[in-house]
Structures are given as C-alpha cells and as structure tokens.
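This report describes one protein structure, part by part. Please look over the sequence and the model before reading on.

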Amino acid sequence: MSLESESEPVSVRVTPSLQHLALQGQLSNRFLDFLMPDDVPVPLYPSLFMEVCSRGHTEVLKAVVQAWPFPCLPLGDLEQTPELEAFQAVLDGLDLLLAEHERPSRWKLQVVDLRKEHPNIWDEGADTSMAQISCPDSCSSRMSEEQLLRIAVEHVSIKQDANDPLEVSLLQWVMKRKRRVHLCSRKLQIQSGSISRIQKALLAVRLGCIQELHVDVFWTRETMKAFAPYLSRMKNLRVLNFSRMSVNFYTRRRKDASYSSRYAMHLGQLQQLQELHVHHVFFLYGRLPAVLRSQPPLQILSLSFCPLKEADVEFLSRCPCTRQLKHLRLRSMFMDCFGPQTLRSLLQQVAGTLETLALEDCSITDNQLLPMLPALSQCSKLSSFSFYGNHISIDALQALLSLTARLGHLSQGLYPAPLESYEHPDQCLVNTDAWRFAQVKDLLLSTLTALQPSQKIQICTYFCLCTKMCKLITWDPQGDWLVTEELLPGLSALPC
C-alpha cells in the first residue's frame, strides 16, 4: 500500500461502508452512540435520521437535527410517525439551534414539515430532492428577523378533551417560543367551548396561514364575542365552516342584530373566502345582507338550520357573492310562505355556473316549485340535485322529473315522496302509507320508463337529520325499485 493511500482522509475511506450499513439498517448501537453528525457526509443524513429515530437514540437524534444539512426536515413523510419520545428529541434539537444568539453559518434548516407533502422523499438517493424542497405556500408570509424557524402542519385541533399527545407537545413548545418560531397550519378545527383554551392555541398559530376554519361545538354568547376579532386576522381563509351555536342564541331581535353586525364586520375582511358553510346559527334572520354584502364571489354557499326571512333569500338573488356560485345548499328552512318568484330569481342568478343544488327540507310546495322550473331548466352544468323533504304533489314531481331528465350533465337526483304517498299529507315526514305509496310508485315507474333519464333517481320516503339516516327507493332502469335504508347521500362538494 502506498503512503498516499495510507494518508487518505478517514471520512473518504469510511464513506462507502458507512453508507452501505446505514442504508441496510445495520449501524450498531455502539457506533451510533459515538457518532458525530458533523462528520457524516450529506447524502447519508436521511438514512441516518431514520435509523436513529426508529431506534430511539434521542441524544444522537438531537445532534442530527442540529446539523441537518437541508432547508426542510419533512417529518410528516416518514413511513411511521415518530414516537412521542423521538418527537420530543427533535424539539430538543431545535431548542439547541434556537439557543444560538446568532444564526450559525452551518444552519441550513428553515422548515420542519409535519404534513404528508413529499412522497418517497425518504427513499434511498433522495438527498438531491430533499435539498430542493422549498418553503410551503401556506408558510410563505414574511417572518420577522427574530423568527428563525417555521413549523408546517396540516391541521390544528382544539378539542374539549385532551388532544393528540404529539399535537399537545408541539403547541406547548411553540407557545413558549412564538417569537422565534412560526407555526403555520392550513386547517384549524375548533371543538371546544372554552375561550381560554381556544385563545392559548391561537396564540401559537400564525393566523394568516390558516386556509380552512371548522367550528363544530355549542358556543355561548361570550365565546362568540371573544372569538370574533381572531376571524378577521385569518386573511387567507378560503373555507369557513361555522356551526352549532348554543340555544341561548334565541335572543331578542336587537341582540341578533348586534351579533350579525359584529360578524359582518370581520367576515367582510376575508377577501380570499371561497366556501361558506353556516349551520345551526340563529342570528342571521333578517340580517343576511349585512353578513354577506362585502363578501367576494363564493364557489360554495351552504346554509342549514338557519332561520331566514324571504328578504334574505331575495338578497341572494342579487348579491355579488353568488354570481359565480358552483354549489348551493339551503336546508331545513321554512319557505312554504315565500312568494312564487323568490326561488326562481335565485336560480336565475346562479344558473350559468351552478353544478350542485340542494334545497332540502325547506317545506317547498307546488306554489314555489312550479314557477322555478323554467329557471332550473337553464342550469345546464348541474350534476347533482337534492330536493328531499319538500311537500309537493305527484303532478309537480312528475313535472320536475320530466325537466331534470333533460339536463345533460345531471348524474344524481334525490326527490321527495309526493303528498299522495301519505295517509295524512300534513304529516308527510312520517312513514308512507303502503297502499298509497304502491300506487305512487306505479305512476312514477311509468313516467321514468317513458323518460329514460340517465341520472340516478332516488325517492326519499323518510329521513332524520340528527342521525343522517334515510329510507330510499332507487329507480332501476330495468323496471323496478330497490328499497334501502342508509346514510343520506352526500353531494360532491356538499357532504351530508
């Protein structure tokens, strides 16, 4: 052996065997205990990280995180989610970095990504791809000079009970370091009525990064009032799903006006909003124009169990926010006293863009349905239609089926059993009368056999929105009906 080969640097001579052992998962515990990450070649870091993480070598894991040579550490794409102890070791390693008064020149790490965004990024030979991962779009807002690190997560959940241990650990860690760490989440889900718990979590999350907000819990008046200012700070919010206000929101009209005005002010600042889902909220009655007047054009509008005046629905027919609407749901509202032109005007407003229409359990009668049929015929892009729970006659249902059969893109239609199916038409939410409904089915079978529609046609004879269960009969083009009891069908962008 020549002198030149004997003086060859150690790191060069050990690299092939070290790389082979790491990729084969054969590094010994003793070797790992004495490993200095700074001496490890960059291509080995992904394999080394997986190895020490899976074996629970927390001290080595801290050191590997400190010396991570790429801009992004994509933890969410690991085949197995790290155990709590390993995850805490990662946070401890980040702490050692953040403890530096100045950013070291060797410090490459900018983002710890806990989402599943980069498939196969941890596979063998992926070091080049890992070096090219950029800052997530949801975290692209500018940070202050003090903020040295971004943590990207898919969602944050604020629950009444204890959250996921990893999420709890992360939130607590970020809250203590919020001046230097930027936590961004695409989705925020609130299932807690405790405003103190909510506020603590919101202090940890960068509100401008949130794109989806889901509130699904009974809130009191005080919680509602305290949360409102946070809403307007979610400048990039695309989806707002707001539901289940406490029953004490059945308040005097002056109180309703106060809350609708308060939320109108904050909603008006959400100029990126594309989807608005509001359910079980009672302060919109007569106040919908105030809430929606400043909204940009929406793609989805879903209102359920929200008492509305006829003037509120009339406003939707001329509101700028509905001009590009693709999916519309109005559910569990009393429309039987509405004038014959109200729904017709609304459909005329949305006919050019509408793909999904759900007018469910709205007490719509022949007086409202028949005048709106010409406008419905102009909804040429309609692919899903749901009309169950309304109070129409067999003649009106046949006219509706005849019209929807001519809508070329319609693939799914859910219709109510007509009044003639029940012994007492004023009690049409109970089970149908067997003899009367048999006659109705024969009439509908003749109608559908003649029409031969391409859509899937289902007749809803009973439904319960609490359990989301229903009884359906589905038309078989071979000339029969299939009877089932199942969950209410979802409609594309409008799940049940």
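The model is predicted, and it holds zero disulfides. Cys466 is in no disulfide, and the nearest cysteine sulfur, that of Cys464, is 4.7 Å away.

Cys466 counts as exposed, because its relative accessibility is 77%.

## The chain as a whole

The protein chain contains 17 helices and 15 strands. Of its 496 residues, 50% are buried. The accessible surface comes to about 23,600 Å², and carbon and sulfur atoms hold 50% of that surface.

Among contacts with a separation of 6 or more, 77% are between residues 24 or more positions apart.

## Nonpolar cores

In soluble globular proteins, nonpolar side chains tend to be buried together. The largest nonpolar core in this chain has 138 residues. The members that touch the most other members are Phe49, Trp68, Leu94, Ile151, Leu213, Phe227 and Leu376. Helix H6 (residues 84-98) gives this core its largest share, eight residues. Apart from this core lies another one of eight residues, including Phe463, Leu465, Cys470 and Leu488.

What does Ile151 touch, leaving out residues up to four places away in sequence? The list is Leu94, Val112, Leu114, Leu170, Trp173, Val181, His182, Leu183 and Cys184.

## Strands E12, E13 and E14

Strand E13 (residues 456-464) pairs with two other strands described here. With strand E12 (residues 412-416) the pairing is parallel and has five bridges. In that pairing, Tyr415 is placed opposite Ile459 of E13. With strand E14 (residues 469-476), E13 runs antiparallel, and six bridges join the two. Here Cys460 has Leu472 of E14 as its bridge partner.

E13 and E14 form a hairpin with four residues between the strands. Lys468 lies in this loop. The phi of Lys468 is near 65°, a positive value in a residue other than glycine. Lys468 is partly exposed, because its relative accessible area is 36%.

## Helix H17

Helix H17 covers residues 434-451. Its 18 residues should span 26 Å at 1.5 Å a residue, and the C-alpha atoms at its ends are 25 Å apart, so the two values agree. After H17 comes Gln452, which has a positive phi near 50°.

Which residues of H17 are buried? They are Phe437, Val440, Leu444, Leu445, Thr447 and Leu448. An α-helix has 3.6 residues a turn, so residues three or four places apart point the same way. The cover over the buried residues of H17 includes helix H16 (394-404), E13, E14 and strand E15 (480-487).

## Phe305

Phe305 also takes a positive phi, near 55°, and is a residue other than glycine. Phe305 is found in the loop between strand E8 (300-304) and helix H13 (310-316). Is Phe305 buried, exposed or partly exposed? With a relative accessible area of 28%, Phe305 is partly exposed, because that class lies between under 20% for buried and over 50% for exposed.

Conventions
Residues numbered from 1 in each chain as written. Predicted model: local features only at pLDDT ≥ 70, side-chain atom pairs only at ≥ 80, totals over all residues. Heavy atoms only, no water. Pairing = 2+ DSSP bridges. Expected span 1.5 Å × (residues − 1). Buried < 20%, exposed > 50% of the residue type's maximum accessible area, 1.4 Å probe, protein only. Contact = heavy atoms within 4.5 Å. Areas by Shrake-Rupley, 256 points an atom, 1.4 Å probe, with all protein chains shown as cover. Core = buried A, V, L, I, M, F, W, Y, C linked by side-chain atoms within 4.5 Å. Disulfide = S-S within 2.5 Å.
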